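This briefing is meant for a reader who is meeting the structure for the first time.

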Amino acid sequence: MVGESAGGSPGKRAVRGPAEDEKPAVRDRILAGARQMFARKGFRASVKDIAQAAGLVAPSLIFWYFEDKESLLLEATTTMSPLHQVTRVLDEAGEADVLTMLARVADRYLEVYQDSLNRRILLQLVGSAPQQPRVQGLLRRQLTEATVGRMAELMRRGQAEGSVRRDLEPEWLAQSFLGVLYALVTRWEVDEGLPWDAPAIRRQLLELVQGPGFRPQHP
């Protein structure tokens, strides 16, 4: 009898595994196939769908790399979450000033989501959260860390330095900044374009957080 892993997934004995030197390439193909199918079907994408998109002859080969379909889809898609992009930018920013860091956050958003595949993955992630506790928990943790935590702290630092408006709370500014970017990504996918280019979006976002009475500063 063919072995099965927990949850009814085919076990690793179901099919002969790849050679050691082939494993990284096969894993990358599986992740790419999972992203394609998740963008189309969300969590309704089947293991067979993913295997076909990845060019695998045997769908059970997937379970040499991932515990189950949900684990695969989570790994394949959560790097496309907007809050993951924020965290990456802040980790890479070093000693940059606040407005430069905010400009980089906006630029990273627009760079990542200019790809329609990534936009569709994002919308599927958010839409599936109420039915997928693991996704909901992940997004909630990211939201707490990125918005309530690091972005709010960035706004607070900007207020102390005099580069960010002081008439609104730091967390509100952080939420507004990220909320505008998310709304733009949604409109981008629905309308297949935006009426502003990346420099115009960056400029207006920075003016939003600087507020009235500030002389606009644009990194």
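How many aromatic pairs does the structure hold? The model, which is a predicted one, holds 2 aromatic pairs. It also holds 12 salt bridges, and its largest pocket has a volume of about 250 Å³.

**Aromatic pairs**

- A pair of aromatic rings is described by the distance of the centres and the angle of the planes.
- In the pair formed by Phe38 and Phe43, the ring centres lie 5.2 Å apart and the planes stand at 90°, so this pair is edge-to-face.
- Phe38 and Phe43 are both buried.
- For Tyr109 and Tyr113, the ring centres are 5.7 Å apart and the planes meet at 65°, and therefore this pair is edge-to-face.
- Tyr109 counts as buried, with a relative accessibility of 2%, and Tyr113 counts as buried as well, with a relative accessibility of 0%.

**Salt bridges between helices**

- Side chains of opposite charge can pair when their charged atoms come close.
- Among the 12 salt bridges of the structure is the one between Glu92 and Arg108, in which the closest N and O atoms are 2.9 Å apart.
- Another salt bridge joins the side chains of Asp107 and Arg202, with an N to O distance of 2.9 Å.
- This second pair links distant parts of the chain, as Asp107 is in helix α5 and Arg202 is in helix α9 (residues 198-210), 95 residues apart.
- Asp107 is partly exposed, at a relative accessible area of 28%, and Arg202 is likewise partly exposed, at 21%.

- Arg187 and Asp191 form a salt bridge whose closest N and O atoms are 3.3 Å apart.
- Both of these residues, Arg187 and Asp191, lie in helix α8, where they are 4 residues apart, about one turn of the helix.
- Arg187 counts as partly exposed, with a relative accessibility of 36%, and Asp191 also counts as partly exposed, with a relative accessibility of 47%.

**The largest pocket**

- The residues that line the largest pocket are Pro82, Leu83, Tyr109, Leu122, Val126, Leu139, Leu143, Thr147, Gln175, Leu178, Gly179 and Tyr182.
- Two or more lining residues are given by each of the elements α4 (82-92), α6 (116-128), α7 (133-161) and α8 (170-191).
- Helix α8 provides the largest share of the lining, with 4 residues.
- Sorted by class, the lining of this pocket has 9 nonpolar and 3 polar residues, and no charged residues.
- Tyr109, one of the lining residues, is also a partner of Tyr113 in an edge-to-face aromatic pair.

Notes. Residues numbered from 1 in each chain as written. Predicted model: local features only at pLDDT ≥ 70, side-chain atom pairs only at ≥ 80, totals over all residues. Heavy atoms only, no water. 1 Å grid on protein atoms, 1.4 Å probe; cavity = no way out; pocket = protein on both sides within 12 Å on 5 of 7 lines; lining within 4 Å. Points joined across faces, edges and corners; volume = space filled by probe spheres on them. Nonpolar A, V, L, I, M, F, W, Y, C, P; charged D, E, K, R; others polar. Salt bridge = Lys/Arg side-chain N within 4 Å of Asp/Glu carboxyl O. Buried < 20%, exposed > 50% of the residue type's maximum accessible area, 1.4 Å probe, protein only. Phe/Tyr/Trp six-rings, centres within 6.5 Å; stacked < 30°, edge-to-face > 60°.
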